[in-house]
Every structure is written in C-alpha cells, then in structure tokens.
Amino acid sequence: MGFMALDVLARASNVVFTDRRYGFVSCIRHKSRIFVLLKPSTFMNMSGNAVAYWMKKEKISLENLLVVVDDIALPIGSFRMRAGGGDGGHNGLNHISSVLGTNRYARIRIGIGDDFSSGRQTGYVLGKLSDEEKDKLNKSLPIIADMILSFGTSGTELTMTRYNSEGRQDKAEGG
C-alpha cells in the first residue's frame with residue numbers, strides 16, 4: 001500500500017522512480033522542499049536497511065521521516081497517521097525501529113482489512129485486490145499523497161489533525 005501511495009504522488013508530480021541501492025527512489029519538490037520517495041527493494045522485514053541508508057545518504061533527520069505501510073488492523077481504504085509508537089506486529093516497522101534504534105518516527109497506516117482465514121495472512125497481504133477494494137483505495141490514495149506533502153510542509157500534528165478523521169472507515173466508505 002505504501003508503494004501505491006508513493007506511485008500516486010510520483011504520477012501527480014510527473015516523476016519516475018529509479019532503481020538505486022536498496023530501493024527505487026524519486027525526488028519531488030513541493031513548496032520549496034525536497035521529498036525523497038523510497039520504495040525499498042529489500043524484503044519487507046529488512047526494510048530498515050534501506051531506510052537507514054537513504055536517511056544517511058540524503059541527510060534526512062528522524063523528524064523528517066515518514067513511513068507509509070499497510071495495516072491489517074484497519075478496514076480496507078481507511079488510513080491514519082501517528083507520530084510514533086509500536087509496530088503493531090508489522091515486520092517492516094519492527095525492522096525500521098530496530099535499525100534506527102527508536103520507534104519515534106511518523107507513519108501512515110493504510111488499512112487492508114483482515115479478511116483472511118487462519119494461516120493465510122501472507123497470501124492475503126500479497127494477493128490481488130477485488131474491484132470493491134480497488135475503488136476504496138482509489139478514493140484514499142490521493143488523500144494519502146496529500147498527507148505526505150502536508151507532513152513535509154506542516155508537520156505531523158497539523159497533518160494528523162487535518163486528515164485522520166477523513167481516514168476513518170465510515171468516511172472511506174462515504175458515510
């Protein structure tokens with residue numbers, strides 16, 4: 001889901017991703033700020049290596065790091081931003097926190113729901129989306145792209161205040 005959100009942002013900015021060390025990278029300018037977009041090519045549970053490498057290479061401070069991930073605990077199409085916290089069982093967040101030595105970085109969680117039977121989580125997470133799921137995400141992803149830009153220009157707190165209520169499931173379904 002994080003990759004999909006970055007793809008929406010990249011398309012809106014007319015940029016493409018380039019295959020670089022540890023991932024696919026693109027840079028965009030927005031309101032005189034540079035955003036480094038990274039889609040790690042490491043295994044998800046090793047994504048901390050890519051994040052740490054690019055933070056060091058581009059001199060990105062922890063307060064300017066925003067990680068965008070999927071979340072089975074949220075309904076499909078919903079989203080929320082947090083200033084930090086636990087990994088919620090997400091192996092990618094766990095590894096990023098481990099490599100960085102902290103979990104005090106902003107993240108946007110994009111709901112993918114939990115409509116899978118016991119032992120089928122991996123297949124569900126990596127599986128294809130239904131048309132209904134695509135519709136819900138197609139409504140949410142442009143908003144999430146705006147959240148990313150807001151984070152970089154207005155910060156975590158203002159972005160959470162502005163967007164988190166919009167990402168609730170009832171809003172994502174239009175209710």
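1. Of the 29 residues in the largest nonpolar core, Ile-108, Ile-110 and Ile-144 touch the most other members. A nonpolar core here is a set of buried Ala, Val, Leu, Ile, Met, Phe, Trp, Tyr and Cys residues joined through side-chain atoms within 4.5 Å. Buried means under 20% relative accessible area, exposed over 50%, and partly exposed in between, with a 1.4 Å probe and protein chains only. Two or more residues of this core come from each of α1 (2-12), β3 (33-40), β4 (66-71), β5 (79-82), β6 (106-111), α5 (131-154) and α6 (156-163). With 8 residues, α5 gives the most. Helices (H or I, at least four residues) and strands (E, at least two) are DSSP runs, numbered from the N terminus.

2. This is a predicted model, in which local features need pLDDT of at least 70 and side-chain atom pairs count only at pLDDT 80 or more, while totals for chains, interfaces and linings use all residues. Residues are numbered from 1 along each chain as its sequence is written, and side-chain values use heavy atoms, with hydrogens and water left out.

3. What does Ile-108 touch, leaving aside its neighbours within four places in sequence? The list is Leu-66, Val-67, Val-68, Val-69, Arg-80, Met-81, Ile-144, Met-147 and Ile-148. Contact means heavy atoms within 4.5 Å.

4. Buried residues make up 42% of the 175 residues. Of the contacts with a separation of 6 or more, 65% are between residues 24 or more positions apart. The accessible surface comes to about 9,800 Å², and carbon and sulfur atoms account for 49% of that surface. These areas come from the Shrake-Rupley method with a 1.4 Å probe; for residues, only the protein chains shown count as cover.

5. β4, β6 and β5 form, in that order, an open sheet of 3 strands with mixed pairing. Two strands pair if DSSP finds at least two bridges between them. β4 and β5 are the edge strands, each pairing on one side only. From one strand to the next, the twist averages 20°. The β5 and β6 pairing is antiparallel, over 4 bridges, and Arg-80 stands opposite Arg-109 in β6. Helix α6 packs on the sheet and touches β5 and β6; its direction makes about 155° with that of β5. Axes are lines fitted to C-alpha atoms, for helices over the stretch in contact, and angles run from 0 to 180 degrees between N-to-C directions.

6. Which residues of α1 are buried? They are Gly-2, Ala-5, Leu-6, Val-8, Leu-9 and Ala-10. Their cover includes β2 (23-30), β3, β4, β6 and α5. After α1 comes Asn-14, with a positive phi near 55°.

7. β2 and β3 run antiparallel and are joined by 8 bridges. Gly-23 has Pro-40 in β3 as its bridge partner. The two strands form a hairpin with 2 residues between them, and Lys-31 in the turn has a positive phi of about 50°.

8. Ser-140 lies in helix α5. Ser-140 counts as buried because its relative accessibility is 2%. A polar atom of the Ser-140 side chain lies 2.4 Å from the backbone oxygen of Gly-77.

Key:
Polar contact = N/O pair within 3.5 Å; in protein donor to acceptor, adjacent residues only side chain to side chain.
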